[in-house]
Amino acid sequence: VIRVAKNSGVVKPTAKRIAQRSKITVCNVFAKAFAGKGFFTKTFPAFGHTGSGYNRAVSALMSLALVPSQEGVTISYPLVLISKGNLPPALHAAAAATGAGDIQFSWANNTGTGTSKKNDKAILVAYFPATNEVVYSFGAGTRASGNAILDTANWKGQAAETWMGYLSDDEKDAACSVYTGHV
């Protein structure tokens with residue numbers, strides 16, 4: 001009779017493993033606000049890469065947006081990409097709060113630059129860190145329109161981190177997003 005000793009399952013994690021788990025946790029907390037809505041499926045097209053849009057987004061967060069802090073690691077919002085692709089990015093993008101509690105986005109029309117088209121849909125995003133909620137819009141404006149309003153009246157008075165990007169009209173390509181500031 002041969003018997004195999006049971007694996008106790010107790011493996012003491014190394015410092016590197018603990019650090020990596022911390023990074024994954026920080027990224028997942030941010031990305032889960034977008035999960036379940038198909039957001040990253042559209043904004044992080046596959047282009048031959050495997051995995052889901054969510055996995056591609058978390059990978060971009062881990063490699064680009066994590067910075068050391070006293071607590072371990074935190075997300076640097078200006079470094080976050082909420083979309084990534086081959087379309088030209090927005091130029092001179094900015095966001096500002098309106099009196100009604102909405103967020104007004106503006107950008108320069110760079111239609112004709114590279115593969116950009118006038119009917120590329122604007123991706124507008126406001127992330128509220130205090131509540132880990134996100135409000136976004138695909139197509140509230142176009143590349144040619146130069147501005148659009150994101151309805152955030154329900155979050156009036158809360159601080160938001162904002163980004164904008166573009167999605168092609170057929171939703172098969174995206175542009176790398178641009179951080180438009182803390183509002």
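Is Glu171 buried, exposed or partly exposed?

1. Basis of the note. This is a predicted model, in which local features need pLDDT of at least 70, side-chain atom pairs count only at pLDDT 80 or more, and totals for chains, interfaces and linings use all residues. Residues are numbered from 1 along each chain as its sequence is written, and side-chain values use heavy atoms, with hydrogens and water left out.

2. The sheet of 3 strands. Strands β3, β4 and β7 form an open sheet in that order, with antiparallel pairing. Strands here are DSSP runs of E with at least two residues, helices are runs of H or I with at least four, and both are numbered from the N terminus; two strands pair if DSSP finds at least two bridges between them. Because β3 and β7 each have a single partner strand, they stand at the edges, and one side of each lacks a neighbour in the sheet. From one strand to the next the twist averages 20°.

3. Pairing of β4 with β7. Strand β4 (residues 103–108) is joined to β7 by 4 bridges in the antiparallel sense. Opposite Ala148 of β7 stands Phe105, and opposite Leu150 of β7 stands Ile103.

4. Buried means under 20% relative accessible area, exposed means over 50%, and partly exposed lies in between (1.4 Å probe, protein chains only).

5. The sheet of 4 strands. A further open sheet has the order β6-β5-β8-β9, again with antiparallel pairing. Its edge strands are β6 (133–142) and β9 (178–182), each of which pairs on one side only. The twist in this sheet averages 20° from one strand to the next. Strand β5 (residues 121–128) pairs with β6 over 7 bridges in the antiparallel sense, and Phe128 has Glu133 in β6 as its bridge partner.

6. Packing of α1 on α3. Two packed helices are described by the angle between their axes and the distance between the axes. The axes of α1 and α3 (residues 53–65) come within 10 Å and cross at roughly 125°. Axes are lines fitted to C-alpha atoms, for helices over the stretch in contact, and angles run from 0 to 180 degrees between N-to-C directions. The helix α1 is therefore oblique to α3; angles under 35 degrees count as roughly parallel, over 145 as roughly antiparallel, 65 to 115 as roughly perpendicular and the rest as oblique.

7. Residues between the helices. Among those of α1 that meet α3 are Gln20, Lys23, Ile24 and Phe30, and the α3 residues are Tyr54, Val58, Leu61 and Met62. Contact means heavy atoms within 4.5 Å.

8. Lys16. This residue has its place in helix α1 (residues 15–31) and is exposed, with a relative accessible area of 72%. The C-alpha atoms of Lys16 and Ser168 are separated by 40 Å, the two residues being 152 apart along the chain.

9. Positive phi values. Most residues other than glycine have a negative phi. His92, in strand β3 (residues 91–97), has a positive phi near 55° and counts as exposed at 68% relative accessibility. Glu171, in the loop between β8 (161–167) and β9, has a positive phi of about 60° although it is not a glycine. In answer to the opening question, Glu171 is partly exposed, with a relative accessible area of 29%.
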